[in-house]
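Hi,

Here is the structure I said I'd pass on. Have a look at it first, and then my notes are below.

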Amino acid sequence: MSGFNFGNGWDELLGSEFEKEYYKKLRIFLKQEYTCGKYSVYPEMQDIFNAFRYTDYKDVKAVIIGQDPYHGRGQAHGLCFSVKSGVPKPPSLVNVFKELHSDLGYAPPVSGELTKWARNGVLLLNSVLTVREGQACSHAGKGWERFTDRAIELLNERKEPICFLLWGGYAKAKAALITNPRHNILPAAHPSPLSAYNGFFGCRHFSFCNRLLGTEIDWNLNT
């Protein structure tokens, strides 16, 4: 994890972050966490940067921001809100699919894997990219926020418009990084069962996003 090859435009844009002091400290911390044997850490090391690998900088049309990965065994695979195929869908993701059905009429998919969205221009970015099993936010404040905030700042510089879907207070705080008037900020409550009825259900972000961009992101996971 001294560096990483994304295989796309993120390499040139984010490559210098790996050489900065904060990331060197983060790397030391991660090496200890993944190898000490005291904890299970998610996602698997090869999946940490999947959000960037699957969605090239130039292809980003929409951004969904999460806080940190799911901390249950076998769930996280580097895309916020997404779980691997065959893994039970977490409650927040179930509610995302309910809103998708209400908004665009797409039946909830069998799988909770959102890789298709990522490959269709939806950057599914957690602010913190790793976590200990069973310990939400256990890797917060270690350096990941600086890394992912830099990615948001770079997206803010894009000339082509992007929709930022900010669900919940943590994601909404990232709006301070989005100053370019070309971009669209769509805030809503978090899809968690604790808050979904306070402004997530009925937000219609999927159709609004397509309308604002004047393009059709294919949100249908059943095709």
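**What I found**

Among contacts in the chain between residues at least 6 apart in sequence, 66% link residues at least 24 apart. Keep in mind that this is a predicted model.

The fold has 8 helices and 6 strands, and along the sequence they run α-α-β-α-β-α-α-β-β-α-β-α-β-α. The radius of gyration is 17 Å, close to the 17 Å that the globule rule gives for 223 residues, so the chain is as compact as a globular protein of that length. Along the principal axes, the C-alpha atoms fill a box of roughly 45 × 40 × 30 Å. Buried residues account for 53% of the 223. The chain exposes about 10100 Å², with carbon and sulfur atoms supplying 50% of that.

On charges: there are 26 positive and 22 negative ones, and their mean positions lie 2 Å apart. The whole structure has 9 salt bridges.

- Arg73 and Glu133 meet at 3.1 Å, N to O. Arg73 sits in the loop between β2 and α4 and Glu133 in the loop between β4 (131–132) and α6, so this pair ties together parts that are 60 residues apart in sequence. Arg73 is exposed at 60% relative accessibility, while Glu133 is partly exposed at 30%.
- Glu153 pairs with Arg150, with the closest N and O atoms 3.4 Å apart. Both lie in helix α6, 3 residues apart, or about one turn of the helix. Glu153 is partly exposed at 31%, and Arg150 is partly exposed at 25%.
- Arg158 bridges to Glu160, the closest N and O atoms being 2.8 Å apart. Here Arg158 is buried, at 6% relative accessible area, whereas Glu160 is partly exposed at 44%.

Then there's Glu145, in helix α6 (residues 144–156). Glu145 is buried but has no salt bridge, and the nearest side chain of opposite charge, Lys174, is 7.0 Å away. Apart from neighbours within four places in sequence, Glu145 is in contact with Ser127, Val128, Ala140 and Tyr170.

Last, helix α8 (residues 205–213): His205, Phe206, Ser207, Cys209, Asn210 and Leu213 are buried there. Their cover includes β2 (62–66), α4 (91–104), α5 (115–119), β5 (163–167) and β6 (184–188).

Cheers

Definitions and conventions
Residues are numbered from 1 along each chain as its sequence is written. This is a predicted model: local features need pLDDT of at least 70, side-chain atom pairs count only at pLDDT 80 or more; totals for chains, interfaces and linings use all residues. Side-chain values use heavy atoms; hydrogens and water are left out. Helices (H or I, at least four residues) and strands (E, at least two) are DSSP runs, numbered from the N terminus. The radius of gyration is taken over C-alpha atoms; the globule rule is 2.2 Å times the number of residues to the power 0.38. Buried means under 20% relative accessible area, exposed over 50%, partly exposed in between (1.4 Å probe, protein chains only). Contact means heavy atoms within 4.5 Å. Accessible areas come from the Shrake-Rupley method with a 1.4 Å probe; for residues, only the protein chains shown count as cover. Lys and Arg count as positive and Asp and Glu as negative; His and the chain ends are not counted. The place of a charge is taken as NZ of Lys, CZ of Arg, CG of Asp or CD of Glu. A salt bridge is a side-chain nitrogen of Lys or Arg within 4 Å of a carboxyl oxygen of Asp or Glu.
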